[in-house]
Amino acid sequence: MIFDGGTAVSLDDRGPAGVSRDVTSIPLSDPHNPAEQSIGGLVKDATAQMSTLLRAEVELAKTELVGEAKKAGIGTGLIVVALTLALYASFFFFFFLGELLDVWLPRWAAFGIVFLILLVVVIVAGLLGYRFFKKLTGPKKTIASVSSLTSVLPGDKDGALDVTLTKADRGR
């Protein structure tokens with residue numbers, strides 16, 4: 001970070017909130033007078049705007065999915081940590097507990113109780129991990145944005161879009 005007159009300036013290629021700056025925007029007003037443009041010029045502009053729109057949608061999907069992938073990674077890590085601790089660290093504690101209960105109960109009952117305690121600990125850790133994964137969501141903004149494209153783009157009566165990629169789009 002470089003501070004320029006009280007303003008933080010970043011040296012990386014991302015814009016605000018991790019948005020890439022290499023996706024151009026689609027102008028909201030036509031910079032050319034449509035009455036003076038030829039059909040070829042209009043088709044060229046429409047093709048360029050469609051290509052830019054598709055690239056922007058892909059960039060939005062990437063941005064949303066990275067956040068969800070981080071959450072999934074955290075959930076996986078927590079489950080692995082819980083299982084590892086249940087396997088290694090708690091072994092000695094539960095063996096001690098079985099020996100302690102052996103003072104008042106028959107040996108088989110003491111270690112049976114310890115087994116049930118272990119089972120409860122594993123079930124609780126698994127349910128916590130499952131609950132964390134259940135909170136994950138899909139890329140809602142991307143789905144909403146792509147769904148709204150059907151009202152803008154021409155398609156058949158079922159709403160299916162006829163999108164053909166140009167050579168430039170296939171190479172990306």
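Predicted model: local features only at pLDDT ≥ 70, side-chain atom pairs only at ≥ 80, totals over all residues.
F95 is partly exposed, with a relative accessible area of 42% (the class between buried, under 20%, and exposed, over 50%, using a 1.4 Å probe and protein chains only). Residues are numbered from 1 along each chain as its sequence is written, and side-chain values use heavy atoms, leaving out hydrogens and water. Let's take a tour, topic by topic.

**The chain as a whole**

- The protein chain has five helices and two strands; these are DSSP runs, numbered from the N terminus, with helices being H or I of at least four residues and strands being E of at least two.
- Starting at the N terminus, the order of the elements is β-β-α-α-α-α-α.
- The chain has 172 residues, and 15% of them count as buried.
- Among contacts with a separation of 6 or more, 57% are between residues 24 or more positions apart; a contact means heavy atoms within 4.5 Å.

**The aromatic cluster**

- A pair of aromatic rings is described by the distance of the centres and the angle of the planes.
- Rings of Phe, Tyr and Trp (its six-membered ring) pair if their centres lie within 6.5 Å; planes under 30 degrees apart count as stacked, over 60 as edge-to-face, and the rest as tilted.
- By this rule, the count is four aromatic pairs.
- One of them is edge-to-face: F91 and F92, at 5.3 Å centre to centre with 75 degrees between the planes.
- F91 is partly exposed at 48% relative accessible area, while F92 is exposed at 61%.
- F95 and F111 make a tilted pair, with 5.8 Å between centres and 50 degrees between planes.
- Because F95 lies in helix α2 and F111 in helix α3, this pair ties together parts that are 16 residues apart in sequence.
- F111 is partly exposed, with a relative accessible area of 26%.
- F91, F92, F95 and F111 form one aromatic cluster.

**The nonpolar core**

- Which residues make up the largest nonpolar core? There are five: F94, L97, L101, A110 and V114.
- The elements that give two or more residues to this core are α2 (89-101) and α3 (107-134), and α2 gives the most, with three residues.
- A nonpolar core is a set of buried Ala, Val, Leu, Ile, Met, Phe, Trp, Tyr and Cys residues joined through side-chain atoms within 4.5 Å.
- Not counting residues up to four places away in sequence, A110 touches G98, L101, D102 and L105.

**The nonpolar surface**

- F93, F96, L100, V103, W104, L105, I113, I117 and V121 make a nonpolar surface patch of about 860 Å².
- Such a patch is made of residues with over 30% relative accessible area and no salt bridge, with nonpolar side chains (Val, Leu, Ile, Met, Phe, Trp, Tyr) joined within 5 Å, while in charged patches like charges are joined within 9 Å.
- Helices α2 and α3 each supply at least two residues of the nonpolar patch; F96 is found in α2 and V121 in α3.
- V121 is partly exposed, at 41% relative accessible area.
- V121 and A86 are 35 residues apart in sequence, and their C-alpha atoms are 7.7 Å apart in space.
- W108 is also placed in helix α3, and W108 counts as exposed at 70% relative accessibility.

**The salt bridges**

- Side chains of opposite charge can pair when their charged atoms come close.
- The whole structure has three salt bridges, each a side-chain nitrogen of Lys or Arg within 4 Å of a carboxyl oxygen of Asp or Glu.
- E68 and K71 meet in a salt bridge at 3.4 Å, N to O; both lie in helix α1 (residues 39-87), three residues apart, about one turn of the helix.
- Is E68 buried or exposed? E68 is buried, with 14% relative accessible area, whereas K71 is partly exposed at 38%.
- R107 forms a salt bridge with E99, with 2.8 Å between the closest N and O atoms.
- D102 also forms a salt bridge with R107, at 3.2 Å between the closest N and O atoms.
- Through shared partners, salt bridges join E99, D102 and R107 into one network.

Technical notes. Areas by Shrake-Rupley, 256 points an atom, 1.4 Å probe, with all protein chains shown as cover.
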